[in-house]
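Thanks for coming. I will take a few minutes on one structure, going from a single residue out to the whole chain and back to the details.

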Amino acid sequence: MNERYSVARLFRESLLLKPTAYALTTGRLRTFILYFLMLNLIMFLPLTFSIYNMGAQASTLLGINARENVNQSFIEALPEDCEILNQRLVCDTDAVHQLTILNNDTLITVIINVNDDDTQFDQPNTLVLKETFFAFFTTTGNRFAQGYGSFEYLSFAELRSLSPEEAYDILFDNFYGAVRPFLILPMTLYLVGGLMFANVLLLLGLTGLAMLFRLANSDVPGYGRMLRLFILASTIPAMVNLGLGFAGLSAFSAIPYNFLTPLMAFLLYRKHKLAE
């Protein structure tokens with residue numbers, strides 16, 4: 001028990017369903033844990049890429065439902081003499097414009113055309129668009145500020161000619177593009193980490209259920225070897241999920257993984273027994 005096997009060997013023999021794959025379950029548990037983590041990271045690469053490339057659809061993931069509350073009156077209230085150009089907010093006049101929008105039952109005040117050093121509008125639940133940066137103040141008063149470096153040319157006059165949904169999507173894409181570098185890591189940890197934890201629970205649960213067979217047949221491997229067997233058995237399902245992910249079918253990836261993993265475990269164990 002606890003023999004040394006490389007991760008590459010675990011992958012190769014389990015992927016090819018070799019009869020000798022079961023013998024690898026005598027390897028060190030930490031090697032199998034590392035192998036499981038690597039499989040999951042590879043499996044969820046398409047999801048990671050999709051998180052990075054998210055646009056307006058990220059609003060739902062972030063719990064933002066302001067799109068539902070953007071109406072024509074809000075769009076028409078945008079100052080038509082303002083635009084974001086060359087990383088600056090440029091307006092023809094010095095007039096400060098105030099709008100409101102509802103998000104998750106919280107009223108957000110939007111202030112447009114404020115001097116960089118003006119702090120009179122820095123209040124909770126407020127989005128302030130200043131000359132060279134925008135600042136958002138949370139309910140608790142925490143401040144998040146970012147420049148317009150990632151903004152494309154944005155004309156509020158052109159936004160007024162669009163439907164509320166189209167105008168909101170353009171606005172959100174620009175603001176999200178500015179804050180995305182700060183959100184990618186927590187969003188990835190939340191989604192990918194949550195799915196990896198679900199896979200851990202699945203393998204532990206399958207291993208526990210497999211122990212019921214041990215009550216009737218003492219030849220059934222113990223918990224440690226069975227857990228390693230299920231980790232090996234998850235290789236092919238992980239590769240199937242990788243293909244589904246790159247095909248844009250990540251939403252269905254849990255189905256083949258959940259059903260194929262126990263099937264592959266049975267095949268690996270069956271091949272081992274037939275080869276004896």
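In which helix does Thr207 lie? Thr207 is part of helix α7. Before going further, please note that this is a predicted model.

Is Thr207 buried or exposed? The relative accessible area of Thr207 is 0%, so Thr207 counts as buried. Once neighbours within four places in sequence are set aside, Thr207 is in contact with Tyr223, Met226, Leu227 and Phe230. Of the elements on my list, α8 spans residues 223-233.

Now the overall picture. The protein has ten helices and eight strands. Its radius of gyration is 27 Å, while the globule rule gives 19 Å for 276 residues, so the protein is more spread out than a compact globule. Along the principal axes, the C-alpha atoms fill a box of roughly 85 × 35 × 30 Å. Of the 276 residues, 42% are buried. Among contacts with a separation of 6 or more, 58% are between residues 24 or more positions apart. The accessible surface is about 14800 Å², and carbon and sulfur atoms account for 60% of that.

The largest nonpolar core has 68 residues. Helix α7, residues 164-216, gives the most to this core, with 17 residues. The residues with the most contacts inside the core are Leu89, Ile112, Leu129, Phe134, Phe151 and Phe156.

Take Ile112 from that list. What is Ile112 in contact with, leaving aside its neighbours within four places in sequence? The partners are Leu78, Pro79, Leu89, Ala95, Val96, His97, Leu99, Leu129 and Phe156. There is also a second, separate core of six residues, with Ile111, Val114, Val128 and Phe137 among them.

Three strands form an open sheet in the order β2-β1-β8, and the pairing is antiparallel. β2 and β8 are at the edges with a single partner strand each, so one side of each has no neighbour in the sheet. As a reminder, strands of a sheet pair through backbone hydrogen bonds, either parallel or antiparallel.

Strand β1 covers residues 82-85, and four bridges link it to β2. Two bridges join β1 to β8. Which residue in β2 is the bridge partner of Ile84? That partner is Leu89. Ile84 also stands opposite Leu154 in β8. Glu83, for its part, stands opposite Val90 in β2.

The faces of these strands can be read off residue by residue. In a regular strand the side chains alternate between the two faces of the sheet. In β1, Cys82 and Ile84 make up the covered face, with Glu83 and Leu85 on the uncovered one. In β2, residues 88-91, the covered face is Leu89 and Cys91, and the uncovered face is Arg88 and Val90.

Two backbone angles deserve a comment. Most residues other than glycine have a negative phi. Asn86 is not a glycine, yet has a positive phi of about 55 degrees. Where does Asn86 lie? Asn86 is in the loop between β1 and β2, a hairpin with two residues between the strands. With a relative accessible area of 68%, Asn86 is exposed.

The other case is Asn125, with a positive phi near 60 degrees. Asn125 is found in the loop between β4, residues 106-114, and β5, residues 126-130. Is Asn125 buried or exposed? Its relative accessible area is 17%, and the cut-off for buried is under 20%, so Asn125 is buried.

Last, helix α9. This helix runs over residues 235-246 and has twelve residues. From first C-alpha to last, α9 reaches 17 Å, close to the 16 Å expected at 1.5 Å a residue. Which residues of α9 are buried? They are Thr235, Ile236, Pro237, Ala238, Asn241, Leu242 and Gly245. The elements that cover them include α1, α2, α3, α8 and α10. After α9 comes Gly248, with a positive phi near 80 degrees.

Notes:
Residues are numbered from 1 along each chain as its sequence is written. This is a predicted model: local features need pLDDT of at least 70, side-chain atom pairs count only at pLDDT 80 or more; totals for chains, interfaces and linings use all residues. Side-chain values use heavy atoms; hydrogens and water are left out. A nonpolar core is a set of buried Ala, Val, Leu, Ile, Met, Phe, Trp, Tyr and Cys residues joined through side-chain atoms within 4.5 Å. Buried means under 20% relative accessible area, exposed over 50%, partly exposed in between (1.4 Å probe, protein chains only). Contact means heavy atoms within 4.5 Å. Two strands pair if DSSP finds at least two bridges between them. The radius of gyration is taken over C-alpha atoms; the globule rule is 2.2 Å times the number of residues to the power 0.38. Accessible areas come from the Shrake-Rupley method with a 1.4 Å probe; for residues, only the protein chains shown count as cover. The expected span of a helix is 1.5 Å times one less than its number of residues.
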